[in-house]
Amino acid sequence: MPSSKLSRHSYHHGDLANALTGAALELARAGGPEAVVLREAARQIGVSATAAYRHFNSREDLIHAVKDCALTELAERMQQELEATAAADDTVEALAARMRALGHGYISFALEKPGLFRTAFHHSEPMTGRQGMDPLETAPFQMLMRILDRLVELGAIDPQRRPYLGMFAWATAHGVADLLLDGPLRNFPPEVQRAAVQHALDATVAGILAR
């Protein structure tokens, strides 16, 4: 990951956009979406705001670049949880364990990197000349969708129940993460927080697999 203390020589010629994105990513890591400012990212790497605006038309464009990076890190954290499970086969029980692992990875990322988590889901206007990001097409959501599709193939989920199950699982994990970060659960003892996460994930998986 790029350091927040960057110099004029910390990027190669023609790679200014990536250098600005890296600096902005560090700003988000430290302070969330409100800290992502194009002029500050330019200052961090020692270039003028005019040079920065040649690559990003607005702060919103820079935010979108940072959101992409944050979502990539989120997907990597979720993948780590998947790899830590012993559920490598394609049984219903193994897929259920993988769903729980994805939820743990999602919530753990939020708690470990709150600035990036808040930035990843920060409401922002679409990039200049482009449509807004479809959250259902992002890597973290697609990881969940593949498991749900496989459960349908195995007959564990009725195809008629399949629509919106992904949103249901996502809403639960995101809601718990938000309650732990910015809601009343942040004041609870760690053991209560861990129990709340586990019960929420267990209930979500049970609901998805309910006949």
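Q: A cavity is a set of grid points where a 1.4 Å probe fits but cannot get out; what volume lies in the largest cavity of this predicted model?
A: The largest cavity holds about 240 Å³ of space, where the volume is the space filled by probe spheres set on the points. The structure has one cavity of 30 Å³ or more.

Q: What makes a residue part of the lining of the largest cavity, and which residues lie nearest its centre?
A: A lining residue has an atom within 4 Å of a point, and 19 residues line the largest cavity, with G103, L144, A169, W170 and A173 nearest its centre. Two or more lining residues come from each of α4 (59-84), α5 (92-112), α7 (139-153), α8 (165-182) and α9 (190-209), and α5 gives the largest share, five residues. By class, the lining has 14 nonpolar, four polar and one charged residues.

Q: Why is α8 called roughly antiparallel to α9?
A: The two helices pack at an angle of about 170 degrees, with their axes 10 Å apart. Angles over 145 degrees count as roughly antiparallel, and therefore α8 is roughly antiparallel to α9.

Q: What makes residues of α8 and α9 count as meeting, and which are they?
A: Contact means heavy atoms within 4.5 Å, and L165, F168, A169, T172, V176 and L180 in α8 meet Q193, V197, A200, T204 and I208 in α9. This contact has eight nonpolar, three polar and no charged residues.

Q: Which residues does UniProt list as "DNA-binding region", and what is the helix content of that span?
A: An unreviewed UniProt entry lists residues 37-56 under that name, and the annotation may be inferred rather than shown by experiment. In the model, residues 37-56 are 65% helix and 0% strand, with their end C-alpha atoms 11 Å apart.

Conventions
Residues are numbered from 1 along each chain as its sequence is written. This is a predicted model: local features need pLDDT of at least 70, side-chain atom pairs count only at pLDDT 80 or more; totals for chains, interfaces and linings use all residues. Side-chain values use heavy atoms; hydrogens and water are left out. On a 1 Å grid over the protein atoms alone, a cavity is a set of points where a 1.4 Å probe fits but cannot get out, and a pocket is an open set with protein on both sides within 12 Å along at least five of seven lines; lining residues have an atom within 4 Å of a point. Helices (H or I, at least four residues) and strands (E, at least two) are DSSP runs, numbered from the N terminus. Ala, Val, Leu, Ile, Met, Phe, Trp, Tyr, Cys and Pro count as nonpolar, Asp, Glu, Lys and Arg as charged, and the others, Gly among them, as polar. Axes are lines fitted to C-alpha atoms, for helices over the stretch in contact, and angles run from 0 to 180 degrees between N-to-C directions. Angles under 35 degrees count as roughly parallel, over 145 as roughly antiparallel, 65 to 115 as roughly perpendicular and the rest as oblique.
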